[in-house]
Each structure stands twice: as C-alpha cells, then as structure tokens.
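Look at the sequence and the structure first, then read the points below.

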Amino acid sequence: MDKKFYKNSASNVIKNDQTISIMENSNAIEFHSSLSEYNPTPLISLPNLSKKHNVGNIYVKDESFRFGLNAFKGLGASYAIHKSLTKNPKTAIFCTATDGNHGRAVAWAATKFGKKSVIYVPKDTSLNRIKAIENEGAKVIRVNGNYDEACLQAEKMSKENDWTLVQDMAWEGYTEIPALIMAGYLTLFKELESNIHKNNKSQIDLVFLQAGVGSMAGAGVYYYLNKYGENRPKIVIVEPEQADGILFSFKNNKLSTSVGNSNTIMAGLNCETPSMSAWDLLKSGADYSIKVSDDYAKMAIRELYFPTGSDKRIISGESGVGGFAGFLAILNEKEFRTIKSELEINKNTNILFISTEGNTDKQIFEEIINDNL
Ligand SMILES: Cc1ncc(COP(=O)(O)O)c(C=O)c1O
C-alpha cells in the first residue's frame, strides 16, 4: 500500500554550504522593514478551536496580510530581487515559473524596483491567478505542461534572453537565488520573536509546514534548528496526495519526483520535484512528512472561516491551510493514529500553523465555504 507518511530520524545537524551561509548572513528582516508596505503579519490564537481539538493552544500566523499580496511569497521574491540588483543593477527583466503566488510576488517586486517580469504558469493555472499576476505588471505565458515543465521553460527562456531567473527552487548549479528566497522567508519566523519565539525555549511544541517545492518549510526547519538546536519544536511537513515529491523523496532516501497526477486544489503546493536545497534541510530537521487529500484542505478552510465560539475568523486559501489540513488528517485518519501519539498531541501541546495565503482565488474559495466544491 502507498503509505501516506514517513517518519524521519532527523540528524538535527545543518550541512554547511552556500545556501546556509546565505541564510546565516541574511539581513532580510531589516530589508523588509524598510519597505513602505511592511507590517509584521498577525499571530492569531484560537482558544476555542484548541479546546475543540483537545490541544493546548493553536496559533495561526496569517500571511494573507503580507505586503497587500494575500500570500507570504513577497518575502522571498523581494529579498532575492533586491540582492540580485545590488550585484547586477542593470538587470532589465526578471523571470520565474509559478503556480500563482510566487509569480505574483516576483511581478510585484520587479515593478517595485522599476523592472519588467515574464512569468510562466502551468497549463491548468486558473484565470483568476493569471489575472492577479498580470495586474502586478507582468507578462504571463501559459506552458502546455505541469509546474516542472513551466520551470524548465522559464530557465530556458531566461538563458536565451539574458533575463534573471528568480526561481523558488534549487537544482544542481542553481542555488544562490533560491537561498536568497529562503532567507527572505525567515522574516516570518523572526517576527514571532516578539511573542512565541521570544525565549530560548520555544513556546511551541509542534509546527506544521505545508510544502510545494519545500522552500518555505526548508526556511522553517533552518530557523528552528539554528535557534533551538535539538530543543526545537517537532516539525511535520504536509503535501497534497497528488503532488508528494517530498514524501516520495523521504521514502526513496534521495531527491525524487512525485508520480502523483498533480490533481489537487492546493495550487501553491502542486509541485512535483522538491527544491534540492530545501530537501537537504528537511532531511536534517523534519520529523514527519505526510500527504493529505483535498477533502482535508476544504475541511480546514471551513473550520477557520466559520470559527469556533468567539475565535477570530481566518481567511485561509487552499494552500494556505495546508498545515492545518495535515493536523485534521492526523486527528481523523486511522493511518495517522500512531503519528498522533508519537507527536504527543495532547491537551498541553501548543501548535503553530502558517496560513501562507488568503483567498487568492476568490471563486474557488467561495465555492468551498458554500460547500459547492
Ligand atoms: C500559499 C502557498 N503556501 C505554501 C507554498 C509552498 O511553498 P514552497 O513551494 O516553498 O514549498 C506556496 C508555494 O507556492 C504557496 O503559494
């Protein structure tokens, strides 16, 4: 049977390479703080939901408030483009492949720095997502293929046209920009140092990080290992069932491409091959890798949108809710029962979720909350 999880024996040791050195020396939070759109995103505590699920405290970091972009991705794109322009100020055009949010963020950052952008999207990207990217000033090109194919096309066209590729995934020979992007994502974890990450001992026992290519999760793993070492919170990586490149890589014990059919509503997580640099980090510091069906994403969206008791409403999109979907699956699926006990999920466990996007596709979101999808 195709197992839906992998238990990793994390080494808790970070391999010292170029990626780590870029992340270690990053001043991304200082850079982000200098932007006019900057505000730390809110951390929301949900006491009634916590009671309902019989856990300590559920916290949600709401990235829908990031830079007016409705998703966290602007953190990586803006920092990478800023650093790239410091080195090569004459760059005229930035390029990337995207399932939506990263492309919008690259377009936004390029426009902000007075530059142009060309964004490649997989064939089944929704029109609403394409429009959102175009509205930031980009030229959008639809590729007749999946996310991996869009990446190949973006890389090829960047080479041919001397554009700067700002891809959020690393491969052999392409690691610097992806490392800068991960360094940019560190800001969201550092912002928590005014509250739950304030002390030398984290107030969080367990973190769920959803993954597409794994760069956001990789940044999280790096952050926790760097700050807390072996005393870090436990970390669970969550992917869609049909785009499970990280779980598949864990099972094969080497970087591998998912054989799923990429059929998922979690568009931002719909990536076949993990980022090489993120994969190295996840091996070092993730405890579990799991995959979940779209049904849990829908359930998670509704639980946050229709709050329990007086809890605050959170608008979290199909990928934004990925980590919370993983939690609900662990509580509900027979196959995950052992994980619940091994992670010691009980009435004292404090859990962090990163809602990485809001309703980035309003139509799909409405259909889900109205129970039509
Ligand atoms: C909303 C959202 N959440 C999470 C992710 C996953 O990030 P990564 O591809 O770095 O794993 C993405 C990626 O596009 C996304 O758009």
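**Ligand site and overall fold**

In this predicted model, the ligand is surrounded by 14 residues, and the closest are Asn 101, Gly 212, Gly 214, Met 216 and Thr 356.

Surroundings of the ligand
- The shell around the ligand consists of seven polar, five nonpolar and two charged residues.
- The ligand takes up the space of the largest cavity.

Contacts with the backbone
- Gly 214 has a backbone N or O atom 2.7 Å from an oxygen atom of the ligand.
- A polar backbone atom of Met 216 is 2.9 Å from an oxygen atom of the ligand.
- For Val 213, a backbone N or O atom lies 3.0 Å from an oxygen atom of the ligand.
- The ligand taken alone exposes 380 Å², and the protein buries 97% of that area.

The chain as a whole
- The secondary structure of the chain comprises 15 helices and 11 strands.
- Along the principal axes, the C-alpha atoms of the chain fill a box of roughly 55 × 45 × 45 Å.
- The chain has a radius of gyration of 19 Å, which agrees with a compact globule, because a globule of 373 residues would have a value near 21 Å.

Note on methods. Residues numbered from 1 in each chain as written. Predicted model: local features only at pLDDT ≥ 70, side-chain atom pairs only at ≥ 80, totals over all residues. Heavy atoms only, no water. Near = heavy atom within 4 Å. Polar contact = N/O pair within 3.5 Å; in protein donor to acceptor, adjacent residues only side chain to side chain. Areas by Shrake-Rupley, 256 points an atom, 1.4 Å probe, with all protein chains shown as cover. 1 Å grid on protein atoms, 1.4 Å probe; cavity = no way out; pocket = protein on both sides within 12 Å on 5 of 7 lines; lining within 4 Å. Sits in = over half its atoms within 2 Å of the grid points. Nonpolar A, V, L, I, M, F, W, Y, C, P; charged D, E, K, R; others polar. Helix = DSSP H or I, 4+ residues; strand = E, 2+ residues; numbered from the N terminus. Rg over C-alpha atoms; globule rule 2.2 N^0.38 Å.
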